[in-house]
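User: Could you go through this structure with me? I have a few quick questions and will jump around a bit.

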Amino acid sequence: MVVHHGGQLRRVHHGRTIRGRELVAGAVVGIARITDCHQDPEGAPLCSGWAHPGAWHLVLADVQELPLPIRARGQVVPWKPSPQPVDRVFQQLPDLRP
């Protein structure tokens, strides 16, 4: 956001948080194992408050937050990361290394 202050334009960066936790964009913030996927039957209640009608929904297990965000260009949907972010995940969660 750009604001006018004292005759000058200044860029203001707003931190965004939910329940005291910073929202990080452009980074891997955790990992999870995908155990299933499904679509809710037409006309049935959605499986969760986050679900979108007609979309495929992922069922996750073993969700683990990373101690530090890892900068990465990915997608909102599952994606295959390059080796560099994977190595950084293993540095933070060494018990997961195969």
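User: Which element gives the largest share of the lining of the largest pocket?
Analyst: That is strand 6, which gives 10 residues to the lining of the largest pocket. Please keep in mind that this is a predicted model, in which local features need pLDDT of at least 70 and side-chain atom pairs count only at pLDDT 80 or more, while totals for chains, interfaces and linings use all residues. Residues are numbered from 1 along each chain as its sequence is written, and side-chain values use heavy atoms, with hydrogens and water left out.

User: Which elements give two or more residues to the lining, and how many residues line the pocket?
Analyst: The largest pocket is lined by 44 residues, and Val29, Gly30, Ile31, Leu60 and Val76 lie nearest its centre. Two or more lining residues come from each of strand 4 (21-22), strand 5 (27-38), strand 6 (57-71) and helix 1 (83-92). Helices (H or I, at least four residues) and strands (E, at least two) are DSSP runs, numbered from the N terminus.

User: How much space lies in it, and what counts as a pocket?
Analyst: About 2100 Å³ lies in the largest pocket. On a 1 Å grid over the protein atoms alone, a pocket is an open set of points where a 1.4 Å probe fits, with protein on both sides within 12 Å along at least five of seven lines, and lining residues have an atom within 4 Å of a point. The volume is the space filled by probe spheres set on the points, which are joined across faces, edges and corners.

User: What is the lining like by class?
Analyst: The lining has 32 nonpolar, eight polar and four charged residues, where Ala, Val, Leu, Ile, Met, Phe, Trp, Tyr, Cys and Pro count as nonpolar, Asp, Glu, Lys and Arg as charged, and the others, Gly among them, as polar.

User: Changing topic, in what order do the elements run?
Analyst: From the N terminus on, the order is β-β-β-β-β-β-α, that is, six strands and one helix.

User: Is His57 buried or exposed?
Analyst: His57, in strand 6, is buried because its relative accessible area is 9%; buried means under 20%, exposed over 50% and partly exposed in between, with a 1.4 Å probe and protein chains only.

User: What does its side chain reach?
Analyst: The side chain of His57 makes a polar contact with the side chain of Asp40 at 3.5 Å, and it also reaches the backbone oxygen of Ala55 at 3.3 Å. A polar contact is a pair of N or O atoms within 3.5 Å; within protein, one must be able to donate a hydrogen and the other to accept it, and residues adjacent in sequence count only if both atoms are side-chain atoms. Leaving aside neighbours within four places in sequence, His57 is in contact (heavy atoms within 4.5 Å) with residues including Cys37, Cys47 and His52.

User: And where is Ser48?
Analyst: Ser48 is in the loop between strand 5 and strand 6, and a polar atom of the Ser48 side chain lies 3.2 Å from the backbone nitrogen of Trp50. Ser48 counts as partly exposed, because its relative accessibility is 32%.

User: What is Phe90 in contact with?
Analyst: Leaving aside neighbours within four places in sequence, Phe90 is in contact with Leu96, Arg97 and Pro98. Phe90 is found in helix 1 and counts as buried at 17% relative accessibility.
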